[in-house]
Structures are given as structure tokens and as C-alpha cells.
Amino acid sequence: MTGEEARPYQVLLTEGAKQTYKRIPSGKALNRIDRMLDVLDTVPDIGSVYRPLYEAATPPFELKVVYADRYGIYYRVLEEIGQVHVYYIEDQRRDPLNRFSC
């Protein structure tokens with residue numbers, strides 16, 4: 001680094017993401033999700049822009065995605081306020097045509 005300290009971001013989950021998170025059984029997948037959420041607070045650009053193959057899987061606005069175990073973590077970085085908003089935590093085994101339908 002060039003004398004600048006890493007600026008930590010606040011990672012916030014929407015209610016829907018919180019509900020999904022609570023339903024994930026403890027174990028390897030949950031540990032990996034927790035680690036990835038920890039990474040997002042310092043390196044939020046680690047993900048890539050989510051570009052689905054199916055139009056039905058397109059969220060209402062542009063999101064980034066990172067993967068932890070079989071789950072995709074879909075989020076948006078709000079640089080101006082130092083926040084990462086996690087909108088969805090999706091099991092990637094779900095039908096891609098019904099993604100984000102909750």
C-alpha cells in the first residue's frame with residue numbers, strides 16, 4: 001500500500017438475505033459464507049458483475065457476485081457511504097429461471 005490504510009466497509013444484509021442466511025445449516029458452507037462476508041468488508045471489488053445467461057435470472061439492478069461453497073452472494077458496493085449491501089444469498093442449485101423470486 002502507498003501509505004493509505006484499507007478502508008473497511010460496513011456489510012449489510014437485506015431482510016431477504018438475512019432470512020436465507022438463517023436457513024443455511026451450520027457447517028462448511030456457512031463457514032465459507034461467513035469468511036466471504038468478512039472479505040467483502042475490506043475488498044468489496046473481489047466479485048464480478050453478475051451477467052446471467054437467462055433474462056429471467058436478471059435482478060432489478062446491477063449486482064456483483066462472489067461464490068462461497070454452493071452459494072452466490074449478490075451485492076452492491078455503495079462507495080460514497082462505505083457500505084456493501086448484500087441483496088441475495090442464493091443456493092446455486094436452484095432453478096436459474098426462478099432466481100431472485102424469493
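Predicted model: local features only at pLDDT ≥ 70, side-chain atom pairs only at ≥ 80, totals over all residues.
Residues are numbered from 1 along each chain as its sequence is written, and side-chain values use heavy atoms, with hydrogens and water left out.

**The sheet**

Switch to a cartoon view. You'll see an open sheet of five strands, in the order E1-E5-E4-E3-E2, with mixed pairing. Strands here (E, at least two residues) and helices (H or I, at least four) are DSSP runs, numbered from the N terminus; two strands pair if DSSP finds at least two bridges between them. At the edges sit E1 (10-13) and E2, each pairing on one side only.

Now bring in the helices. Helix H1 (residues 15-23) packs on the sheet, touching E1 and E5, and its direction makes about 50 degrees with that of E5. Select 28-40 next: that's helix H2, lying across E1, E3, E4 and E5 and running at about 15 degrees to E4. Contact means heavy atoms within 4.5 Å. Axes are lines fitted to C-alpha atoms, for helices over the stretch in contact, and angles run from 0 to 180 degrees between N-to-C directions.

**Across the strands**

Zoom in on E2 and E3, which run antiparallel and are joined by two bridges. Ser48 stands opposite Val65 in E3. Carry on from Val65 and you reach Tyr74 in E4, which stands opposite it. E3 and E4 (residues 71-78) are also antiparallel, with five bridges joining them. Further along, Tyr67 faces Gly72 in E4. The two strands form a hairpin with two residues between them, and Asp69 in the turn has a positive phi of about 60 degrees.

**Two aromatic pairs**

How many aromatic pairs does a search of the whole structure find? Two. (Rings of Phe, Tyr and Trp, the last by its six-membered ring, pair if their centres lie within 6.5 Å; planes under 30 degrees apart count as stacked, over 60 as edge-to-face and the rest as tilted.)

Show Tyr50 and Tyr74: they are edge-to-face, 4.9 Å centre to centre with 80 degrees between the planes. This pair links distant parts of the chain, with Tyr50 in the loop between E2 and E3 and Tyr74 in E4, 24 residues apart. Both tyrosines are buried, meaning under 20% relative accessible area; exposed is over 50% and partly exposed is in between (1.4 Å probe, protein chains only).

Then show Phe61 and Tyr87. Their ring centres are 4.8 Å apart and their planes are at 70 degrees, so this pair is edge-to-face. Phe61 counts as partly exposed at 28% relative accessibility, and Tyr87 counts as buried at 18%.

**Last stop: Gln83**

Select Gln83, in strand E5 (residues 83-91). At 15% relative accessibility, Gln83 is buried. Leaving out residues up to four places away in sequence, Gln83 touches Tyr9, Gln10, Leu12, Arg76, Val77 and Leu78.
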